[in-house]
Amino acid sequence: MKDNVAEEHLYLAFSHQYRDSIFPLHTSISLFLLSYCDCKLFKVFLVPTGEDVGDQCVTKNLVGDLEVRLISRCQLPVVVQSCSLPAVVVKDDKFCRAGLSVVLRHIIQKTFEADPSKKDILALLGFKKTCLKACAEVSQWTRLCEISIPLAVERFLAGSPEHCQAIPPDILLFERKLGEPVRVHNDDKIRRQKLQQQKAGAKSGVPELEEAAGEVHEHPPSSLELSVAFSKLLAQEVPNAVNREAPYIRRTKTSDLPLLDHVFAEGLYFTVADLVLLPCIHQFLVSSKKQGKNLVNLPLIASWYRRVQEVPGVKKAAGKCNMEFLQLPELMSPPEEQLQNSTSVPDELEEDNEDSHFIGGPRPTMTKLMENGIEAKFSPHPCPNWTLDWTSLPSAVSPGEGKMSRDRALRKQQQLNNLVAAVTKLAKPGDLIVDFCSGGGHVGIVLAYMIPSCQVVLIENKELSLIRAKDRSDELGLNNIWFIQANLDYFNGTFNIGVALHACGVATDMVIEHCLRARAAFVISPCCYGFIQNTAKFKYPRSHQFKEILSYKEHMILCRFADQTAVQLPPERRLIGKQCMGLVDLDRAWAAEEHNYSVQVISMEPESCSPKNNMFVGIPT
């Protein structure tokens, strides 16, 4: 194991404890992962949600062999106070990681870095290490695991025990997803093995599960999927159904191959998603059993719950956290009609299946708006010739410091001239400026350097980008800058100015929403209009004026064509793309003005600095 690992502090919220869990469930999940990883790298603090720390106590057997301290919220590091918990920060540092998925992924990564022999821990991040990496606003799966199911279970437990409660819709959605076919990166090979196994009429050889981590597994897997999954967990070779693939198996079309069944939450392989869901589903099942609830409609969840217990290390971690697993019987699926009636999922939890393949161009939609007096409007640029003297600035301030080409670095400097000019006009000494979706810190570092009287916070969910930004900041010796690796929803601090350069798709609307909530001014350049779509939080069009005229599908036509502004396209097509950009952003501007803001949509100067050259400047009135 590596020595000299920097001490990191892990801050977890603490509202109350109930049976064998600490709430909120995000805290129980974090503690369970620490126990499963046998990770002692973090100094753990519980942060009571109430005001009086002294009256709070935590049962020792709920935190395993971890040393846990209580701390009030006012004692948290400044950078953590602006974030929802859980959060991790290196002691006395300005780099914070916040949000359940970000924190859990960091715990896994640090555990492996400290002890590279723990390859099974690193494997929790899944294929290409992407498990729960996408933010909840973009990924419905991340949202279900990280937000929806923990909240649904907490609400279920808070309900009156005297009244029989319905199964939460999010639990039903998880049951449905466990019944969907599995797609993995090498599924063609595995599906051919499954076909050969089926044709042979015999089950594949399955590795016996030996005693591992002090646990004996009495029920070995009995299908090819289980064989593949547990072979990986035990670092064994995957057995083939027969020694040689028959010719007719090789000739079978991929579309005719049998589908793969779920073994774990994400498919065939055990990942951090299973460790997130296990404490939640466990609490739901325990409470349901006490209520005498019939779980016949959740046969797949029951099978998953039993299967996860057989994973090496899970029972040991559960023992550390005083989690007593239920022994569920095998559940038979009810009749199809009964299953459909009892597992119906509300519309708001369904994926948006509205047709996104549009036929025809944007002209009918644009004409419809024009007939109602709506056209793209661009305000004059307040300072079109303003520019930073880039030659006099330290190299670490310039975007050309990275691996950017000279032409791209010049265009990036031109983009920064526009945003920095607008922010400089708005900023006052002592203001807190937040650079949302900061990437490598091109905007935030320039602002922190040029306006030392202001504090600057960079928020970005990609760790490597933010680490590069911090390295540049350290080189410059900046002391008015902080870094938060988190999805936007986990930042809840107050601030004066929000800024974002090329916030992708819905991210632009998330940034605007944060600014409206904080009554902060904003300077935002949108990007990736084609990625805009309805989400759990955002519906389009945004403004009342546009909603009265356009349908969602018509608005999506504008968004798709707003992305057609690349320099390689014909000039007429680029002009239509620019007009569509202006209409989409006009809708956003009017939506913000409904919240008592004055908003201008401006074209950056020169317009050649980017195909996505729109910029909002919004000021609360």
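This is a predicted model: local features need pLDDT of at least 70, side-chain atom pairs count only at pLDDT 80 or more; totals for chains, interfaces and linings use all residues.
Helices (H or I, at least four residues) and strands (E, at least two) are DSSP runs, numbered from the N terminus.

**The sheet**

- Twelve strands form an open sheet with mixed pairing, in the order β5-β4-β1-β6-β7-β10-β9-β8-β11-β12-β14-β13; two strands pair if DSSP finds at least two bridges between them.
- β5 (68–70) and β13 (597–603) stand at the edges with a single partner strand each, so one side of each has no neighbour in the sheet.
- From one strand to the next, the twist averages 20°.
- Strand β9 (residues 455–460) pairs with strand β10 (residues 481–485) in the parallel sense over five bridges, and E460 stands opposite Q485 in β10.

**Helices on the sheet**

- Helix α16 (residues 442–450) lies across β8 (432–436), β9, β10 and β11 (497–504), where contact means heavy atoms within 4.5 Å.
- α16 runs at about 170° to β9; axes are lines fitted to C-alpha atoms, for helices over the stretch in contact, and angles run from 0 to 180 degrees between N-to-C directions.
- Helix α18 (residues 507–518) lies across β8, β11, β12 (521–527), β13 and β14 (614–620), and runs at about 175° to β12.

**A helix pair**

- The axes of helix α6 (residues 169–178) and helix α11 (residues 299–309) come within 8 Å and cross at roughly 80°.
- I171, F174, E175 and L178 in α6 meet P299, L300, I301 and W304 in α11.
- The residues of this contact divide into seven nonpolar, no polar and one charged; Ala, Val, Leu, Ile, Met, Phe, Trp, Tyr, Cys and Pro count as nonpolar, Asp, Glu, Lys and Arg as charged, and the others, Gly among them, as polar.

**Cavities**

- The structure holds two cavities of 30 Å³ or more; on a 1 Å grid over the protein atoms alone, a cavity is a set of points where a 1.4 Å probe fits but cannot get out.
- The second largest cavity has a volume of about 50 Å³, volume being the space filled by probe spheres set on the points, which are joined across faces, edges and corners.
- Its lining residues (an atom within 4 Å of a point) are C135, A136, E137, I147, N487, L488, D489, Y490 and M510.
- By class, that lining has six nonpolar, one polar and two charged residues.

**Backbone details**

- The peptide bond from E605 to P606 is cis, with omega near -15°.
- The bond from F23 to P24 is also cis, with omega near 5°, and P24 lies in the loop between β3 (21–23) and α1 (25–37).
- R519, in the loop between α18 and β12, has a positive phi of about 55° although it is not a glycine.

Note on methods. Residues are numbered from 1 along each chain as its sequence is written. Side-chain values use heavy atoms; hydrogens and water are left out. On a 1 Å grid over the protein atoms alone, a cavity is a set of points where a 1.4 Å probe fits but cannot get out, and a pocket is an open set with protein on both sides within 12 Å along at least five of seven lines; lining residues have an atom within 4 Å of a point.
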